[in-house]
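Please look at the sequence and the structure below. A short report on the chain follows.

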Amino acid sequence: MSRMNDRKLFIVAAGLILLPVALAFFGGDKFRYPCQDPDNWEKDICKMPKCDVSRTCPEHIFKGQRDPRLGPPPTRVEPMVVPQGAPQVCAPANQNQGVNCGK
């Protein structure tokens, strides 16, 4: 009887291990929207006005991020840093001064 239970346990354990492996292997590349797939960017479904109705144009999907169609930026732009000891430029003194001006 315990031999039968061991066999069932082995089959269930093997299935639980093989299921995610099979899904990962045979799943392929999936995209939530067709216009996320770079292969579709030149197709009519990813060009205005068709994609504008459903808001699935690459311009909508990648909103707030650099458009991957442009590739990496040519050079990195460093933010401007005010050197230590440089005079701070403030507006003339008035009632509406900011916290960093007028000290």
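Proline 49 sits in the loop between H1 and H2, and the peptide bond that leads from methionine 48 to proline 49 is cis, with omega near 0°. Most peptide bonds are trans, and most residues other than glycine have a negative phi. Arginine 55, which is not glycine, has a positive phi, near 60°.

The model is predicted: local features need pLDDT of at least 70, side-chain atom pairs count only at pLDDT 80 or more, and totals for chains, interfaces and linings use all residues. Residues are numbered from 1 along each chain as its sequence is written, and side-chain values use heavy atoms, with hydrogens and water left out.

The protein chain has 3 helices and 0 strands, in the order α-α-α from the N terminus. Helices (H or I, at least four residues) and strands (E, at least two) are DSSP runs, numbered from the N terminus.

Buried means under 20% relative accessible area, exposed over 50%, and partly exposed in between (1.4 Å probe, protein chains only). Of the 103 residues in the protein chain, 13% are buried.

Leaving aside residues up to four places away in sequence, asparagine 40 touches Pro34 and Cys46. A contact means heavy atoms within 4.5 Å. Among the contacts in the protein chain with a separation of 6 or more, 17% join residues 24 or more positions apart.
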